Amino acid sequence: MDNSHVAALQAKHQGLDRRLRDELNRPAPDETIVQALKKQKLQIKQEIVGVH
């Protein structure tokens, strides 16, 4: 994979991180959403690591 693909994955990972932070900062975070975001972040992280 090329660097643009890695950069796109990193940007998506950062976006998920922001969404996760926002959800956790809510008065009553939805655990279903939190778990889904964490799972998506992990999948992207594994793909990024697999590229390098």
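Tutor: Let us begin with a term: contact means that heavy atoms lie within 4.5 Å. This is a predicted model, in which local features need pLDDT of at least 70 and side-chain atom pairs count only at pLDDT 80 or more, while totals for chains, interfaces and linings use all residues. Residues are numbered from 1 along each chain as its sequence is written, and side-chain values use heavy atoms, with hydrogens and water left out.

Student: With which residues is His-13 in contact, leaving aside its neighbours within four places in sequence?
Tutor: His-13 is found in helix α1, which covers residues 3-24; helices (H or I, at least four residues) and strands (E, at least two) are DSSP runs, numbered from the N terminus. Once neighbours within four places in sequence are left aside, the residues in contact with His-13 are Lys-41, Ile-44 and Lys-45.

Student: Is His-13 buried or exposed?
Tutor: The word buried means under 20% relative accessible area, exposed means over 50%, and partly exposed is in between, with a 1.4 Å probe and protein chains only. The relative accessible area of His-13 is 19%, so His-13 is buried.

Student: How many helices and how many strands does the chain have?
Tutor: His-13 lies in helix α1, whereas Lys-41 is found in helix α2. For the chain, the count is two helices and zero strands.

Student: Why is the chain described as more spread out than a compact globule?
Tutor: The radius of gyration is taken over C-alpha atoms, and the globule rule is 2.2 Å times the number of residues to the power 0.38. For 52 residues that rule gives 10 Å, and the chain is more spread out than a compact globule because its radius of gyration is well over this value, at 12 Å. Along its principal axes, the C-alpha trace spans about 40 × 15 × 10 Å.

Student: How far apart are the end C-alpha atoms of α1, and what span should its 22 residues have?
Tutor: The expected span of a helix is 1.5 Å times one less than its number of residues. For the 22 residues of α1 this should come to 32 Å, which agrees with the end C-alpha atoms being 31 Å apart.

Student: Which residues are linked in a network of salt bridges?
Tutor: The side chain of Asp-17 also meets that of Lys-41 in a salt bridge, at 2.8 Å from N to O. This pair links distant parts of the chain, since Lys-41 is in helix α2 (residues 31-51) and Asp-17 in helix α1, 24 residues apart. Lys-41 counts as buried at 16% relative accessibility, whereas Asp-17 counts as partly exposed at 26%. The network is made of Asp-17, Arg-21 and Lys-41.

Student: Which residue's side chain meets that of Arg-26 in a salt bridge?
Tutor: The structure holds three salt bridges, and in this one the N to O distance is 3.0 Å.

Student: Which residues make up the largest nonpolar core?
Tutor: A nonpolar core is a set of buried Ala, Val, Leu, Ile, Met, Phe, Trp, Tyr and Cys residues joined through side-chain atoms within 4.5 Å. In the largest one there are seven residues in all: Leu-9, Leu-16, Leu-20, Val-34, Leu-37, Ile-44 and Ile-48. Helices α1 and α2 each supply at least two residues of this core, and the helix that gives the most, with four residues, is α2.

Student: Which residues does Leu-37 touch, not counting those up to four places away in sequence?
Tutor: Leu-37 is found in helix α2 and is buried, with a relative accessible area of 2%. With residues up to four places away in sequence not counted, Leu-37 touches Leu-16, Arg-19 and Leu-20.

Key:
A salt bridge is a side-chain nitrogen of Lys or Arg within 4 Å of a carboxyl oxygen of Asp or Glu.
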